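Please consult the sequence and the structure shown below while reading.

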Amino acid sequence: MFKKVIIAEDIDAMNLGIQQVLKDLNIADYQHSKFCDDAFLKIRASIHKNEPFDLLISDLSFKKDHREPNIINGDELAQKVRELQPDIKIIVYSVEDKSFRIKSLFENAEIDAFVLKSLNSIEELKKAINLISSSDKKFISPEISSALQEKNNFEIEELDIKILKHLANGTSQDEIIEILKDLGTKPSSKSAMEKRLSRLKDFFKANNTLHLISIVKDMGII
């Protein structure tokens, strides 16, 4: 079982719930942070003291305060922590249910478990901790595991990311089409661009293009 745990969670009620889970599992040595930067600094300091954490439990979304954060969300925190301490176990505990984002966490940050905040999340968090503490198996909440396994899930492509980056920089759709044509990238027609953006808006549940850019920025996609 884990001996030293750090929690990255900015909602007090959720943080207390996680702490109670750790107490129920007889894990007494834990710390918590309300900001990603703070959690990362604590993890780095623990390594320098030769007293590293062996488990990180992190949310994905964090509210900003008056300071400008270096690490803006749990996605980035998980990836940076994995690079800093490759052997640490990481559990993401979030309300996020978008398959793309969850897949990205397993592929890019190599997280060990994803627990969906729901009616059964406390028991699922306990199961996840028990499983990954004693094996190299991954844990995914049952509510989302089937969706992740569907072969017809929407997959974001490199071209989508390029288009989103251009839009975020203020480039108009017509200008992006010309850029794609110059690069020989297909499809580069106006109708194809509109269909691609419509698909992205549907997938990310965005009301409009500005909302779409805001969402993908918050998720760290661009």
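Are R101 and D75 buried or exposed?

## Basis of the report

R101 is buried, and D75 is buried as well; the term buried denotes under 20% relative accessible area, exposed over 50%, and partly exposed the range in between, with a 1.4 Å probe and protein chains only. The model is predicted, so local features need pLDDT of at least 70 and side-chain atom pairs count only at pLDDT 80 or more, whereas totals for chains, interfaces and linings use all residues. Residues are numbered from 1 along each chain as its sequence is written, and side-chain values use heavy atoms, with hydrogens and water left out.

## Salt bridges between helices

The whole structure contains 15 salt bridges, a salt bridge being a side-chain nitrogen of Lys or Arg within 4 Å of a carboxyl oxygen of Asp or Glu. One of them joins the side chains of R101 and D75, with an N to O distance of 2.7 Å. Because R101 belongs to helix α4 and D75 to helix α3 (residues 74-84), this pair ties together parts that are 26 residues apart in sequence. Helices are DSSP runs of H or I with at least four residues, strands are runs of E with at least two, and both are numbered from the N terminus.

Another salt bridge connects R196 with D160, whose closest N and O atoms are 2.7 Å apart. This pair links distant parts of the chain, with R196 in helix α9 (residues 190-204) and D160 in helix α7 (residues 158-168), 36 residues apart. R196 and D160 are both buried.

D112 is situated in the loop between α4 (99-108) and β5 (113-116). With a relative accessibility of 7%, D112 counts as buried. Leaving aside neighbours within four places in sequence, the residues in contact with D112 (heavy atoms within 4.5 Å) are R82, I88, K89, I90, F106, I132, K137, K138 and F139.

R82 forms a salt bridge with D112, in which the closest N and O atoms are 3.2 Å apart. Here R82 in helix α3 is linked to the loop between α4 and β5, 30 residues apart. R82 is buried, at 10% relative accessible area.

The side chains of D112 and R82 also make a polar contact at 3.2 Å; a polar contact is a pair of N or O atoms within 3.5 Å, where within protein one must be able to donate a hydrogen and the other to accept it, and residues adjacent in sequence count only if both atoms are side-chain atoms.

## A salt-bridge network

R82 and D112 belong to a network of salt bridges that also includes K89, D136 and K138.
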